[in-house]
Amino acid sequence: MLFLRRFYSKSGRISQILKTNKPGDSLAIQGWIKNVRRLKNNTFLDINDGSTSSRFQVVVPRTPENQHLAPGSVIAAVGEIQVAPNGSFELHANQVEMLAEGRLQEGYPFSPKQKHPPEYVREHLHLRSRVDFVAAQMRVRHKAQKALHDYMDEQDFVQINTPLLTTNDCEGAGEVFRVQPDSQDLLKQMNRPNIPMEQSYFDSKVFLSVSGQLHLEAMTYGLGKTYTLSPAFRAENSKSPLHLAEFYMFEAELGHLEELEKLARFIEQMLKSVTSRLLETSGEDLSFCQRNSNSNSDLHWLQVPWKIMSYDEALQVLQENKDNLKTPISLNEGFSKDQELFLVAHCGAPVFVVDWPAQQKPFYMKVSRTNPNRVHALDLLMPAVGELCGGSLRESDPAILKSHPQLPKDLEWYVDLRKYGGVPTGGFGMGFERYLQLVTGVKNIRDVIPFPRYPHSCKM
């Protein structure tokens, strides 16, 4: 962009211009033309550079040289900041340079003046960052990640990059993707005696991780407090607007933790703090997402204390109100989303359901010493999305853990952790995309992740 250096050295992103500049300032910007209005003497360009959901107006003289400016073109402009009649800042440009021709060529799927439904936008993943609604989602996603990392760093947690390739199924549900080389020649080269050909690379079955929890526990025994924000993979045949085959899990593990209520209060404080920060940094984008989702995402839960009730208490509430539920109650499985949302509405606040039946939960959760049919586990239920977090105290007794009927046979190392300087630990996991749905009001989880993967869909 040679002319920018030639005419003026000060340039900026629109998001910063709207915050820091004042009338009379000279500067340069660059961005995509979203809309063009031509009047008698001037042409008005709505410009966006991806930094904000707001469009910035650039005023250029209506001359033959500027007739080629069209929606979708990428321009650079130099001029002076002035105040428009509506009170907003605008740039009166004295130099405009075309950086790329307009996108409105044959085959381009998005019309600049049309609001496209999310289902249609999803069909064009490689282009959808140019849709204002998606761009706003990605900016919120970025700021939410930053807020999580900042908060955990302030709380003295150590971030761990947990492995994506693993030999264990942490949840024990069998919903794993198996990994092996695609090259048969490579497998033959690496094959060893008594090892099946398809296992030649690692000498065992290997899967994409469903959770980083077990690896976090191993690190926590030496570091005290750890967390990760990593991809997770679930092989389930679900087309639900709350599920993906590939998603991001925020997981945290706390050492020297013996009370489930302390874990619940940590989760509550973390979510309230992170969301408050997000409102400060991304309030405009959050509002934009809510408007475009036709959602009234009420964040009143930031201002109220959250409730804690036992599984037995929650079950009793549901049974007393079964005629108001859309789904039948099952004593062998967890609550349905309909039942989760009913409990939230009943409590008038987010609710931690604690002390679950042992047969409904994984092997690593701590068994109650007073009631072996219960484990010290929690599910956090929130408005709109239902379950947001699941967590527990971890079983700290190696003998109890080793005797658990669902303990996978290849997890001797996990039992060993308790033998060598073991301490009580507890932790939780939160689907990051589901959190984004909660705060933005976006109904379909496929619209809060850049490149969604779900059954029958793995594009790009």
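Predicted model: local features only at pLDDT ≥ 70, side-chain atom pairs only at ≥ 80, totals over all residues.
1. A polar contact here is a pair of N or O atoms within 3.5 Å.

2. Asn444 sits in the segment after H12. Its relative accessibility is 17%. Buried means under 20%, so Asn444 counts as buried. Beyond its neighbours within four places in sequence, Asn444 is in contact with Arg122, Pro241 and Gln437.

3. H12 covers residues 432–440 and packs against H4, residues 132–154. The angle is about 115°, and the axes are 11 Å apart. Roughly perpendicular runs from 65 to 115 degrees, so H4 is roughly perpendicular to H12. The crossing of H4 past H12 is right-handed.

4. Which residues of H4 and H12 make the contact? From H4 come Gln137, Val140, Arg141, Ala144, Gln145 and Leu148. H12 supplies Phe432, Glu433, Tyr435, Leu436 and Thr440. By class, this contact has 6 nonpolar, 3 polar and 2 charged residues. Arg141 of H4 and Glu433 of H12 are among the residues in contact.

5. A second side-chain pair deserves a look. Lys34 lies in strand E1, residues 26–38. Is Lys34 buried or exposed? Its relative accessible area is 10%, so Lys34 is buried. The side chain of Lys34 makes a polar contact with the side chain of Asp132, at 3.3 Å.

Conventions:
Residues numbered from 1 in each chain as written. Heavy atoms only, no water. Helix = DSSP H or I, 4+ residues; strand = E, 2+ residues; numbered from the N terminus. Buried < 20%, exposed > 50% of the residue type's maximum accessible area, 1.4 Å probe, protein only. Polar contact = N/O pair within 3.5 Å; in protein donor to acceptor, adjacent residues only side chain to side chain. Axes fitted to C-alpha atoms, helices over the stretch in contact; angles between N-to-C directions. Parallel < 35°, antiparallel > 145°, perpendicular 65-115°, else oblique. Left-handed = near helix turned anticlockwise from the far one by under 90°. Contact = heavy atoms within 4.5 Å. Nonpolar A, V, L, I, M, F, W, Y, C, P; charged D, E, K, R; others polar.
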